[in-house]
Amino acid sequence: QVHLAESGGGLVQAGGSLRLSCAASGVIFSIDTMAWYRQAPGKQRELVASIVTNGTTNYADSVKGRFTISRNNVKSTVYLQMNSLKPEDTAVYHCNAGGLRLSRASWSAWGQGTQVTVSS
């Protein structure tokens, strides 16, 4: 079973920065896509950013130019550097990853979520 462990959330003032980390563990063949989603109170979960094995990234329009997603394939870890944070970035941020097991069956997993709160 694949487990995703997130860290790095917290409380920050508007304009500040935070860095989220998410480490994958378990018996797996590959991790193909790693991504960050967020869910604010009363809203649907939305994709923030994603990155695939070759480093290609995708960002939500609302975070382009402020957030940077990166990954360390050796450590099976994905990061989200969040700069110029705004109150509207306040949400629970969830890590998501997917790939193949040793059997070549696909897998997908979610982290437990980490709270990011941006005060005005």
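Reader: Why does Val 78 count as buried?

Author: Its relative accessibility is 0%. Buried means under 20% relative accessible area, exposed over 50%, partly exposed in between (1.4 Å probe, protein chains only). So Val 78 is buried. This is a predicted model: local features need pLDDT of at least 70, side-chain atom pairs count only at pLDDT 80 or more, and totals for chains, interfaces and linings use all residues. Side-chain values use heavy atoms, without hydrogens and water, and residues are numbered from 1 along each chain as its sequence is written.

Reader: What does Val 78 touch, not counting residues up to four places away in sequence?

Author: Its partners include Leu 20, Trp 36, Ile 51, Ile 69 and Cys 95. Contact means heavy atoms within 4.5 Å.

Reader: Why is Thr 77 called buried?

Author: Its relative accessible area is 7%. That is under 20%, so Thr 77 is buried. Thr 77 lies in strand E8, residues 77-82. Strands (E, at least two residues) are DSSP runs, numbered from the N terminus. Val 78 is in strand E8 too.

Reader: What makes the pair of Lys 75 and Thr 77 a polar contact?

Author: The backbone oxygen of Lys 75 lies 2.9 Å from a polar atom of the Thr 77 side chain. A polar contact is a pair of N or O atoms within 3.5 Å; within protein, one must be able to donate a hydrogen and the other to accept it, and residues adjacent in sequence count only if both atoms are side-chain atoms. The distance of 2.9 Å is within 3.5 Å.

Reader: Is Val 27 buried or exposed, and why?

Author: Val 27 has 60% relative accessibility. That is over 50%, so Val 27 is exposed. Val 27 lies in the loop between strand E3 (18-25) and strand E4 (30-39).

Key
Helices (H or I, at least four residues) and strands (E, at least two) are DSSP runs, numbered from the N terminus.
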